[in-house]
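Please walk me through this structure in the viewer. Tell me what to select at each stop and what is to be found there.

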Amino acid sequence: MSAITPAPEHRATAFGADVLHVEDLRVEYVTSAGIATAVDGVSFTVRAGERLGLVGESGSGKSTIATALMRLLRPPARVAGGRIVVDGVELQGLSDEAMRRMRLATIALVAQGAINSLNPSARVEDQILDGLVDHGRAGRREQRRRVAEVLRQVGLRPEVARLFPHQLSGGMRQRVCIAIAISLRPKVLVADEPTSALDVVVQHQVMETFRAVQDDLGAAMILIGHDIGLMAQFATRVGIMYAGLLAEIGETRKIFGNPLHPYTRLLIASITTMERKTELKGIPGLPPSLIDRPTGCPFRDRCPFAMERCAVEEPLPRPVDDRLVACHLY
Amino acid sequence: MTTIIEARNVTKLFGNGRLRSGGGTVGVADVSFTVDDEKPTITAVVGESGSGKTTLARLLLGLAAPTTGEVLYRGKDMRRLTRSERRRFLGDVQVVFQDPYDTYNPFYPVEHALQLTVRKFGLASSAAAARSLIDEAMSAVGLRPEATLGKRPHQLSGGQRQRLMVARALLLRPKLIVADEPVSMVDASMRASILTTIRGLHERYGISVVYITHDLTTAYQVSHQMMVLYKGDVVEAGDVESVIRDPQHPYTRLLIDSVPKPDPDEPWALERPSEKAARVTPTTCPFVDRCSRAMDACSQAKPPLFRTSSTRAVACFLYEDAHRLDRSELNTVLTGAR
């Protein structure tokens, strides 16, 4: 049996120091229709060894956060405020060259659709070597040894090094992407929807691989996705994003056991399982436009508990029952 | 009893095997399946990529011709339909594709797709009659015409676009809708509304649905019966409740166990292949290399279907004590499901 079990409770205290610190991050997209605020003041920290899941519907800002963490946002996107500190280094102040050195070595991203971004005309080993060579690590022989080692870490045979991407299955390609991401032993590993193109059985293998390499590196990990079941199984903490805000963030068990924010409650209530046939429930309504954001709480139009206050005052994250919740109910 | 679509021992091979000694690739192998007008049913066809589920959909839609076997529309081979029969077929059998982004022409307002259907099939005699038909179809899928008409495709959400495609199919009052992964590209919160719509059309208009998906959870939620495909073979089929409650084929079990449960205290564990797992050849079980229950018998012959109850069949030697079921009789367990 192989199992991906969430870290037991006692491990929660065994996490290391904060390696990622995001404070009041704001990201805007400048569009012809106006400025769209994709991330509107998000703060969180991730400790070494921890796995934070960020969930939300499309447009909630999760992928924008991933891109911002790598400082890879390009116009029309721009960071409008806040800070990101990775392993004690504040990203905004870095020169482009210094940031380039941070990527892969300190913080690495397995981007959305990475599995289709491998170079079709280069062998797997050359694609892994790219990063090693660029960061000027070790001699030729040492580099080859490192390629074999990272392939082993992601559960691929050494022969895979000589193959081209088209010779690999989807799951193997994703594991090559993971191998590239961990080749310089980063302290923070970000994965954006890493299994959305994969079959369920392969998804399990890939998440098992992530768990193994993250354990091995002792890295902090951020998993971005929309599959709530996957978050429950993989993340030690989850943050629920809505319209660019963190509605609720806390330990996975706490949130699944007792969701507090009305959006989290509806999200968890809308999960269908194979336990029994249920009324298929979505969350009625649509998220608000990110351009000309309404005042107050962005969820209020869909919220069954909306009060007058929700229309005028934006709820700030407050500590409630060992987590942060951005809702006037608390 | 009117049979709308009947697939008889349908096999589809890709590549004719002459160029390479390895032979062609199996799309689907020896599948028999019936859609009956009198017993409208929602059938889920589940499997991973490469399982042949989309190939099966294309065969049922007449978009691909079988290599052997035949697909009949109202008793007549699809390849020999006359022009007018072909037209009737298009009215009876409709499709909803996976990608709601690709199916619209971005230059036209979204209702163009519906108007085209009304016009081509002569469904309305006046513009007012066309408008009321379109309004009715939109309301049936939960779209407000006044909020949707006149919009361009990019102004609607993926969920709205997909529901509009269901509305388009509904205009023709089909007997069968083949839905190929209709919700896989749509946000989770929108999925429910599309699936509820599909289930509602079945209940309200007696439309049969073939729901092609890799998602067992939604397959369980919307369908009455289920066919599990693996590398082109039907490995398990039966009524959905018993297949999900008590999966018999180790592959079905693997699929069910792979779905992460939204409860951090439930384990997410998969069984490893057994020590008897062996290389797959045309004369072994197609799943023998990954199977947790593989036995010697599995690498000696390809398992036939066994009828494990009046509404179940499974292609696995674990059940060889049960009666054998000829593959052409597969629909006897399926139509027995209701």
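Predicted model: local features only at pLDDT ≥ 70, side-chain atom pairs only at ≥ 80, totals over all residues.

Over all chains, the count comes to 42 salt bridges. Side chains of opposite charge can pair when their charged atoms come close.

**Stop 1: chain A, a charged pair.** Select A:Asp321 and A:Arg323. Their side chains form a salt bridge, with N to O at 2.8 Å. A:Arg323 has a relative accessible area of 4%, so it counts as buried. A:Asp321 is partly exposed, because its relative accessibility is 36%.

**Stop 2: chain B, two pairs.** Select B:Glu6 and B:Arg8. A salt bridge joins their side chains, 3.2 Å from N to O. Is B:Glu6 buried or exposed? The cut-off for buried is under 20%; B:Glu6 is at 19%, and therefore buried. B:Arg8, at 38%, is partly exposed.

Next, select B:Lys76 and B:Glu85. The closest N and O atoms of this salt bridge are 2.8 Å apart. B:Glu85 is partly exposed at 26% relative accessibility, and B:Lys76 is partly exposed at 28%.

**Stop 3: back to chain A, a nonpolar patch.** Select A:Phe305, A:Met307 and A:Leu329. On the surface they form a nonpolar patch, and together they have about 240 Å² of accessible area. A:Leu329 is found in the segment after strand 13 (323-325) of chain A. With 36% relative accessibility, A:Leu329 counts as partly exposed.

Definitions and conventions
Residues numbered from 1 in each chain as written. Chains lettered and ligands numbered in written order. Heavy atoms only, no water. Patch = residues over 30% accessible without salt bridge, like charges linked within 9 Å, V, L, I, M, F, W, Y side chains within 5 Å. Areas by Shrake-Rupley, 256 points an atom, 1.4 Å probe, with all protein chains shown as cover. Salt bridge = Lys/Arg side-chain N within 4 Å of Asp/Glu carboxyl O. Helix = DSSP H or I, 4+ residues; strand = E, 2+ residues; numbered from the N terminus. Buried < 20%, exposed > 50% of the residue type's maximum accessible area, 1.4 Å probe, protein only.
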